[in-house]
Amino acid sequence: MHTTVASSPGKVLLAGGYLVLDQHYQGLVVGASARFYCAVTTFKPDDKTHFADNTFPIVVQSPQFESAEWAYTLSYLPELKIWKLSENTALRNPFVEIVLFYTFNLLEYTLGHEMFVQRWNNAGLKIKVFGDNDFYSQQERLSERGLPNTTQSLQSLPRFLPTGTTLSKVHKTGLGSSATLVTSLVAALFTHFGFSQTLTRQPEATGSSLSVDFLAWVHNMAQFCHCLAQGKIGSGFDVSAAVYGSHLYRRFNPAVLEPILPSEFTLTKLPTLDLPHLHSTLSPDHAGWDHTKQPAALPPGFRLMLADVDAGSHTPSMVSKVLAWRKTHPSAAQQLWDALGNLNHGLASLFQELTQEAHLHKDAYQQALDQFTQLPTHQWANVCNTEPTLQDSPIVDIAQRFVKVASTFATIRQYLRDMGDQSHVPIEPIRQTELLDRCMQVAGVVMAGVPGAGGYDAIFCVILGDASAKQVESVWNEWKDMNVSPLLVEESKGGVRLEDPDQILTGN
Ligand SMILES: Nc1ncnc2c1ncn2[C@@H]1O[C@H](COP(=O)(O)OP(=O)(O)OP(=O)(O)O)[C@@H](O)[C@H]1O
Ligand SMILES: C[C@@](O)(CCOP(=O)(O)O)CC(=O)O
């Protein structure tokens, strides 16, 4: 039995919702510590079982859900030189089947038929999918156990807790489960079948064991499969975060995918598949992949906190309304988009400058952190002018950048509210504004906002220090107007990576 496990992080879009759909603007996305794990195992059922030639069984299981097992058979069609995937269960999972169908066919093309078949080793594949608890609301699990809705209770829950329901009924928290499922599954299958060996540019350091080229292939394949399964071309920031973790994302031009996206995908009616064309389109060398990712992450000492707000919103209808307003009000929208775009970019630059300062002037940076942790942001500018320890160089520059981060984000929120008011979409509805403003009164809270498309789904805070975290959590606990459930999520270190199977599969 040979097992490969790949994991990838969920996402939180701190700034750039709606704008990031347009290639002209960027989105600041943070990779979440909550991850999806895909474990791919080659199995031989028993010594007597022999599969028909060029026919391999695949079983996919999601043990955290009811009725979440999908069985497939992969069989070769010599006349078409492609692999067909047939479903052996009535249940459908478009994300899984699209990844399996296209990844195996791409592997056939890159490895060559003989090598691809050899790698199957006359065996089948068992694929297990696990998501960290934060991807799903744990409120019912906590109340079953008589536990309060706190981070401490969440920490006491076992890992990969069964949700007690089906995938279609589960309450998701908006961390991008489908993007991270697709990304980790592509990475696990590529690795299991030795795709890296086909790459001509061999490992460049990426901080993970995976090469730059490998990551680019995973990215392109995952974007393609995710778009096809979702039935639309979103900005792709969620897939990009699942591959690369935190960064400043500029989307790819969707034109790159159009020639290879079938109008519909069903396993019963095979889509036309031109493997050389699929390969050259998904190749990182294809000029159509013009997305960019600039390094951006929270500065040292800054911590992300996230809460699920039980009210919920329907993102696709919010997006279509905002985009419709933009179309009918081009000049007002242009002004707003440009102003927001500059602020979002400015925020990412401030994060980067502060990160550099933290390394160059460690003590001064720590002194600024110590000061600001104790005060709410509305007192920061004043203390910069009055506190003698903040007057010397280089600390004065650092302190001013802290102040600028807070004021920039406050203005971003104002513009997002304007966008919502003008397009009649509750991007930061008043009930969220009240909660966010209350969070901003807590000492050491740098930013509080609605992630991604906004609405009633979630809120985030970026804070300095443990004392602020505790106070923010009590604000959430005591909030009466809406049910605000903390999550354990922090910023992730890195993007997609390979894991030790023993660590993930033990007990699962
Ligand atoms: N644990 C899992 N096992 C198998 N398939 C899953 C799993 N989690 C998600 N999926 C697939 O992803 C689909 C959900 O995708 P959808 O685009 O609706 O959510 P999402 O926007 O990624 O959610 P969120 O951002 O709230 O996590 C499921 O219907 C299923 O096909
Ligand atoms: C509105 C949008 O820009 C962000 C949606 O983010 P989220 O799914 O709400 O985290 C859509 C997109 O970028 O695909």
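A polar contact here is a pair of N or O atoms within 3.5 Å; within protein, one must be able to donate a hydrogen and the other to accept it, and residues adjacent in sequence count only if both atoms are side-chain atoms. The model is predicted, with local features needing pLDDT of at least 70, side-chain atom pairs counting only at pLDDT 80 or more, and totals for chains, interfaces and linings using all residues. Residues are numbered from 1 along each chain as its sequence is written, chains are lettered from A and ligands numbered from 1 in the order in which they are written, and side-chain values use heavy atoms, without hydrogens and water.

Select ligand 2 first. An oxygen atom of ligand 2 lies 2.9 Å from a polar backbone atom of A453. On the side-chain side, a ligand oxygen is 2.6 Å from an N or O atom of K11, and one is 2.6 Å from an N or O atom of S235. The protein buries 83% of the 380 Å² that ligand 2 exposes when taken alone (Shrake-Rupley method, 1.4 Å probe).

Next, show the shell (residues with a heavy atom within 4 Å), which includes L13, Y18, F237 and V319. Domain 1 (2-295 + 494-505) and domain 2 (302-486) both contribute residues to this shell, so ligand 2 lies between them; the bounds come from an automatic or database domain assignment.

Now move to Y37, in strand β2 (residues 27-43); strands are DSSP runs of E, at least two residues, numbered from the N terminus. Is Y37 buried or exposed? It is buried, because its relative accessibility is 4% (buried is under 20%, exposed over 50%, partly exposed in between; 1.4 Å probe, protein chains only).

Definitions and conventions:
Helices (H or I, at least four residues) and strands (E, at least two) are DSSP runs, numbered from the N terminus.
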